[in-house]
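The sequence and structure come first, followed by the findings.

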Amino acid sequence: QEIENAKTINSNILKGLKNGEFHAYMQPKVGLRSGRIEGAEALVRWIRPDGSRVMPDEFIGIAEKNGYVTKIDFEVLEQTLRYLADALARDEEVVPISVNFSRRNNEFDDFVPNVLERLRAYHVPSNLLEAEVTESVFMADLSTVDDNMHRLREQGVEVSVDDFGSGYSSLNMLAKVSADTIK
């Protein structure tokens, strides 16, 4: 049953992307001292046309393996930037939003240029985007990961490391990367 579910999810991810079934939901980050919303995190949700949902723990691992996770990451980025651009155009107060990027993105030389190009295309200031990576990113080529994180930070994009301490890295390794926030 588990294998059949995985096959179904695997075969439907691209179709879901083409049909706009992946949605970014903004989870607020509230400052403990201020009690105000100081940021948000864009979380991906897969909602099928019939209204059923595929939970992230059911599809993210499969998308990591087949490489489609990078397409999902950029779909969430697009939706986030579209939201920010619309809010800025309406003169609404906005907060920085973090978008998760899989370690698989570091396999592509154009990862950072693609992120920066989308920021420019939507006219969203780079300080309103936080690139979030999980500590599993350290399993990839550390020099490439650090270079990408450094290039994003140089352009004003904050970088955070999520799930630190869950098993892949050490404080020694963390000292070698460019990050603004550790979660």
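## Pairing of β2 with β3

Trp-46 has Val-54 of β3 as its bridge partner. The model is predicted. Two bridges link β2 to β3, a strand spanning residues 53-54, and the pairing is antiparallel. The two strands make a hairpin with five residues between them. In its turn, Gly-51 has a positive phi of about 90 degrees.

## Other partners of β2

β2 also pairs with β1, in the antiparallel sense, through nine bridges. Within this pairing, Val-30 lies opposite Ile-37 of β2. The hairpin of β1 and β2 has six residues between the strands, and Gly-35 there adopts a positive phi near 75 degrees.

A parallel pairing joins β2 to β4, which covers residues 97-100, over three bridges. Here Glu-41 stands opposite Ser-98 of β4. β2 is mostly covered, with eight of its eleven residues buried.

## The second largest pocket

Which elements each supply at least two residues of the lining of the second largest pocket? They are β1 (22-30), β2 (37-47) and α3 (69-89). The largest share, three residues, comes from β1. The pocket holds about 170 Å³ of space.

Its lining consists of Met-26, Gln-27, Pro-28, Ile-37, Ala-40, Tyr-83, Leu-84, Glu-93, Val-94, Val-95 and Ile-97. By class, nine of these residues are nonpolar, one is polar and one is charged.

## The largest cavity

How many cavities of 30 Å³ or more does a search of the whole structure find? The search finds one. The largest cavity contains about 50 Å³ of space.

Phe-101, Asn-106, Phe-111, Ala-131, Val-133, Val-145, Met-149, Leu-152 and Val-159 form the lining of the largest cavity. Two elements, β5 (129-134) and α5 (142-154), each supply at least two of the lining residues. α5 gives the largest share, three residues. The lining of this cavity has eight nonpolar residues and one polar residue, and no charged residues.

Note on methods
Residues are numbered from 1 along each chain as its sequence is written. This is a predicted model: local features need pLDDT of at least 70, side-chain atom pairs count only at pLDDT 80 or more; totals for chains, interfaces and linings use all residues. Side-chain values use heavy atoms; hydrogens and water are left out. On a 1 Å grid over the protein atoms alone, a cavity is a set of points where a 1.4 Å probe fits but cannot get out, and a pocket is an open set with protein on both sides within 12 Å along at least five of seven lines; lining residues have an atom within 4 Å of a point. Grid points are joined across faces, edges and corners, and a volume is the space filled by probe spheres set on the points. Helices (H or I, at least four residues) and strands (E, at least two) are DSSP runs, numbered from the N terminus. Ala, Val, Leu, Ile, Met, Phe, Trp, Tyr, Cys and Pro count as nonpolar, Asp, Glu, Lys and Arg as charged, and the others, Gly among them, as polar. Buried means under 20% relative accessible area, exposed over 50%, partly exposed in between (1.4 Å probe, protein chains only). Two strands pair if DSSP finds at least two bridges between them.
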